[in-house]
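Okay, thanks for coming, everyone. I've got one structure for you today, and I'd like to walk through the ligand and then the chain interface. Let me put it up.

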Amino acid sequence: MKKLEKSDCRFPSTLKEALELLANESTRGRLLAGGSDLMVQWAAGMEPPPRVISIKGLKELQGIKEDDGAVVIGAGVTHAHIRSSKPVQKHLPALAAAAATVGGPQIQALGTIGGNVANASPAGDLAPALLITGGEAVVASRTGERTIPLTKFFLAYRRIDLKPDEMIVRFVLPKRAAGEIEVFRKLGTRAAQAISKVMCAARFSVKAGSFETCAVALGSVGPTTVRLPKLEEWIIGKSASEETLAEVEKRASDEVSPIDDIRSTAEYRKWVSGRLVRFLLES
Amino acid sequence: MSNVKRTWNVNGEEKTLEFPPLRRLLDVIREDMRFTGCKEGCGEGECGACTVLLDGVPVTSCLVAAGQVPDGTQILTVEGLEKTEQGRVLQEAYVSAGASQCGFCIPGMLMASFALLSKNSRPTEEDILDAHGGNICRCTGYVKIIEAVRLAAQNWPRK
Ligand SMILES: Cc1cc2nc3c(=O)[nH]c(=O)nc-3n(C[C@H](O)[C@H](O)[C@H](O)COP(=O)(O)OP(=O)(O)OC[C@H]3O[C@@H](n4cnc5c(N)ncnc54)[C@H](O)[C@@H]3O)c2cc1C
Ligand code: FES
Ligand code: FES
């Protein structure tokens, strides 16, 4: 830890000031929000960078706002705030449920949605719940803002579409429509603190016995969290019957290509992906 | 690197300290302020032994860069608990429930319990489990800790 004490850390008091620091290569530094990923990586022996920019507490990154069609969440909003937010519980219940499963209360009080997304771990719990909303990330640099659909934001394992002079400032997340159900499920080895084996979020509606809309996302089944576009397209108009659900299980399982790692095997993840999607669409 | 200076209210007393900005809050609490009740178990946010309250909110102090804790923050460690009536009720409940064995996890557990009961003095079983989900105990099997929290809730001084 003593190494970390040699790093410089700036505490800009406005977003503008932070973006100025990022714009200039001689002042640019690693963004530090809640620290619940970075402090762990540094404790585990990763070389700390010479310069760090603390964005914790920046007012411009705070707050959850609501307009007609969407809930807008600042990148600096914590998991604790998300899970207890009335607009999120009402319009984005899968996200509220996902935030409630991140670590324990201490981690939820520190960790932010911006840090969770920027970390881009395939095991990040918020990503599936964000992806099913069809929402967008807004990133900013000194020269202005850029809006990227979340389905295009996760580029590869631990990589997002972000330039070195940019930071995430907020997420614009369309509310579920009347009649749409949202569900989130995380399979891990224990409830609190656990990194997931597989997690799934779905937003869908059934009208007159048939699937009318459907978005499904799975995490921990590949290098990034994924939507299942083939399944989503296939299911529209199909009756909400046992036969359809059996086919859903098979198709979901076929559409993912997970890996073996210390937490689980590819075979288990493929099988459980199918079961999980089926289970969520049954609800 | 240049130090930063912060003034906090720690366990009811105002303290001004200087330290490298990314020094862990845990080290500032244990080494600079000598509140050694706060324990380091894992140093990676997993065990909760280092839990302290920042303005009433429990955080793992091993993951907090001390420079990120703003001036004016109220910091409560296990040493500050017995200065309050609620803290004494909580301590007594842990003692009479026999909730501590080796004791290493207990300072963190107490802080998690205190944060819960301060906000919600009539917690359900689920509330109690959720509030202590970030704290690991290798000795007790948690049953007596949960019992202690229930007991403390019964005796919690309410206005
Ligand atoms: C014990 C423990 C349990 C955990 N359990 C879970 C879990 O169950 N599920 C889960 O998903 N995660 C879990 N995590 C991981 C972690 O808590 C989250 O990923 C957290 O949301 C990260 O946010 P942060 O603000 O703490 O990020 P930081 O550590 O501050 O930053 C993480 C990364 O994001 C970058 N960053 C931060 N903010 C921005 C921004 N606005 N724009 C661009 N880049 C930015 C940083 O530069 C860094 O690369 C756990 C962590 C711990 C320690
Ligand atoms: S020492 Fe901080 S959580 Fe274990
Ligand atoms: S009493 Fe020993 S770790 Fe909890």
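This is a predicted model: local features need pLDDT of at least 70, side-chain atom pairs count only at pLDDT 80 or more; totals for chains, interfaces and linings use all residues.

Ligand 1 sits between chains A and B. Around it there are 35 residues, and the ones that come nearest are Leu31(A), Ser36(A), Asp37(A), Thr112(A) and Asp125(A).

Which side chains put a polar atom by an oxygen of ligand 1? Ser36(A) is one of them, with a polar side-chain atom 2.7 Å from a ligand oxygen. Asp37(A) also has a polar side-chain atom 2.7 Å from an oxygen of ligand 1. Then there's Thr112(A), where a side-chain N or O atom is 2.6 Å from an oxygen atom of the ligand.

How much of ligand 1 does the protein bury? On its own the ligand exposes 990 Å², and the protein buries 93% of that.

As for who builds that shell, the elements of chain A that give two or more residues are strand 2 (30-32), helix 2 (38-43), helix 7 (113-119) and strand 10 (167-174). Helix 7 of chain A gives the most, with four residues. If you sort the shell by class, you get 15 nonpolar, 14 polar and six charged residues.

Okay, on to the two chains. On the contact count, 31 residues of chain A touch 32 residues of chain B. Three residues, Glu5(A), Met39(A) and Gln106(A), supply 26% of the area chain A buries against chain B, more than any other three.

For the charged pairs, there are three salt bridges between chain A and chain B. One I'd point to is Arg83(A) with Asp130(B), where the closest N and O atoms are 3.2 Å apart.

On chain A's side, strand 1 (8-10), helix 2, strand 3 (51-54) and helix 6 (105-110) each give two or more residues. Helix 6 of chain A has the largest share, five residues. By class, that side has 16 nonpolar, eight polar and seven charged residues.

So, notice helix 2 of chain A: it's on the list for the ligand shell and on the list for the side touching chain B.

Definitions and conventions: Residues are numbered from 1 along each chain as its sequence is written. Chains are lettered from A and ligands numbered from 1 in the order in which they are written. Side-chain values use heavy atoms; hydrogens and water are left out. A residue is near a molecule or strand if one of its heavy atoms lies within 4 Å of it. A polar contact is a pair of N or O atoms within 3.5 Å; within protein, one must be able to donate a hydrogen and the other to accept it, and residues adjacent in sequence count only if both atoms are side-chain atoms. Accessible areas come from the Shrake-Rupley method with a 1.4 Å probe; for residues, only the protein chains shown count as cover. Ala, Val, Leu, Ile, Met, Phe, Trp, Tyr, Cys and Pro count as nonpolar, Asp, Glu, Lys and Arg as charged, and the others, Gly among them, as polar. Contact means heavy atoms within 4.5 Å. Buried area is the accessible area (1.4 Å probe) that two parts lose on being put together, summed over both. A salt bridge is a side-chain nitrogen of Lys or Arg within 4 Å of a carboxyl oxygen of Asp or Glu.
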